[in-house]
Amino acid sequence: MNELHFNALVAFEDQNGVFHRAIRQQTLADLPAGEVLIKVKYSSLNYKDALSATGNRGVTKAYPHTPGIDAAGVVVASSNPQWQCGDEVICTGYDLGMNTSGGFGQYIRTPAHWLVKKPVGLSLLEAMQLGTAGFTAALSVLGLQNNGVAPENGMVLVTGATGGVGTIAVMLLRKLGYAVTALTGKMSEQQFLLDLGAQAVLDRNQFLGHKDRPLLPTQWAGVIDAVGGEVLATAVKGTGFNGVVTSCGNAASGDLPLNVYPFILRGVHLLGIYSANCPMEKRLAVWGKLAQEWKLPEVSSLCRMVTLDELETEIFAMLAGNSKGRCVVDLGDTE
Ligand SMILES: NC(=O)c1ccc[n+]([C@@H]2O[C@H](COP(=O)([O-])OP(=O)(O)OC[C@H]3O[C@@H](n4cnc5c(N)ncnc54)[C@H](OP(=O)(O)O)[C@@H]3O)[C@@H](O)[C@H]2O)c1
């Protein structure tokens, strides 16, 4: 088994401090120690991967490194009785792809407790079409539901709407009967967002035209934000009484230029969403929902399938804010 060679997309730094990516042949000795060896069938590209692949040390400290915070595949060796050869598993988050060799390699080795058994009702491919982005969209929707935002309360705003989290949040909210306004920087994708199920599409520049006011007319019963910065602040200022705003991302900025008035005058709730260390009980429940009553068969229409050598273009499109929908990685066969 140690003789086995496989391909991985490796990010590395040259002597001038410039980061590059190349497909390199690896052996199992290149993987970290761990209880379960998995042959990866599919991965997907998430924003964190684009950061890791381009040398962001807030995500990945040491290079050379194989990114990929998502992986779905089959167990080929396990020292933990919880997992047997042939088990189909999903791994998202924890340290995968950050400082642990990730899903942009044909094999990963992980602790047993990072793995989720592929739920009945979802294929490995469908799991990666959703990936961390879909899982996070589902956590965000659950956050609204659990804090009292029901479809009859009014409109839900989704920011970064053409991105991975945004597209799946729009679809899921629509499926559950919510009216959705999609906020985007790409008005050329208006019809795409309406086709996903948004009732209205808002231009980000126009939306930010009101950003300097301390409070805005109440428009949103809930907000799912993946963008941060002035977009999140403006969304909070326009959220209605006891409304709920989820914050999962910083695609625009990690800052939050906001005052306290939405909280103390309208009782707005700001809810942080963190998928990587989501407790296992909740993780299983959410994947179970995504495989059954929250299943989104249409999600495949959002997805491009790429090979490892096609990831370079996707990574830079994502960092430039130009990604649309989801990018699934087919790891193919080993030699
Ligand atoms: N907390 C967690 O557990 C968790 C999990 C998954 C993702 N995230 C975070 O969520 C964010 C989105 O992830 P993703 O996978 O959906 O990424 P993505 O596919 O790249 O989508 C991000 C979207 O945000 C918008 N955007 C990009 N740059 C922007 C800018 N400068 N200003 C305003 N809007 C901008 C764009 O949509 P429009 O053009 O339509 O506006 C873009 O498509 C990332 O920050 C990611 O790290 C967090």
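Ala127, Leu130, Gly131, Gly134, Phe135, Ala138, Leu139 and Leu142 in α2 meet Lys282, Arg283, Val286, Trp287, Lys289 and Leu290 in α8, where contact means heavy atoms within 4.5 Å. By class, this contact of α2 with α8 holds nine nonpolar, two polar and three charged residues, with Ala, Val, Leu, Ile, Met, Phe, Trp, Tyr, Cys and Pro counted as nonpolar, Asp, Glu, Lys and Arg as charged, and the others, Gly among them, as polar. This is a predicted model, in which local features need pLDDT of at least 70 and side-chain atom pairs count only at pLDDT 80 or more, whereas totals for chains, interfaces and linings use all residues. Residues are numbered from 1 along each chain as its sequence is written, and side-chain values use heavy atoms, with hydrogens and water left out.

The axes of α2 (residues 124–146) and α8 (residues 280–291) come within 10 Å and cross at roughly 110°, axes being lines fitted to C-alpha atoms, for helices over the stretch in contact, and angles running from 0 to 180 degrees between N-to-C directions. The two helices are therefore roughly perpendicular to each other, given that angles under 35 degrees count as roughly parallel, over 145 as roughly antiparallel, 65 to 115 as roughly perpendicular and the rest as oblique.

Helix α2 also packs against α3 (residues 164–175), their axes coming within 8 Å and crossing at roughly 50°, so α2 and α3 are oblique to each other. Among the residues that meet here are Leu130, Ala133 and Val141 in α2, and Val165, Ile168 and Leu172 in α3. The residues of this contact of α2 with α3 divide into 11 nonpolar, four polar and no charged.

Turning to the sheet, six strands form an open arrangement in the order β10-β9-β8-β11-β12-β13, with parallel pairing; two strands pair if DSSP finds at least two bridges between them. Its edge strands are β10 (200–203) and β13 (269–272), each of which pairs on one side only, and the twist averages 20° from one strand to the next. Helix α2 lies across β8 (156–158), β11 (220–225), β12 (239–247) and β13, running at about 155° to β11. Helix α6 (residues 229–237) likewise packs on the sheet, touching β8, β9, β11, β12 and β13.

Finally, Val36 has its place in strand β3 (residues 36–44). Val36 is buried, with a relative accessible area of 0%, where buried means under 20% relative accessible area, exposed over 50% and partly exposed in between (1.4 Å probe, protein chains only).

Definitions and conventions:
Helices (H or I, at least four residues) and strands (E, at least two) are DSSP runs, numbered from the N terminus.
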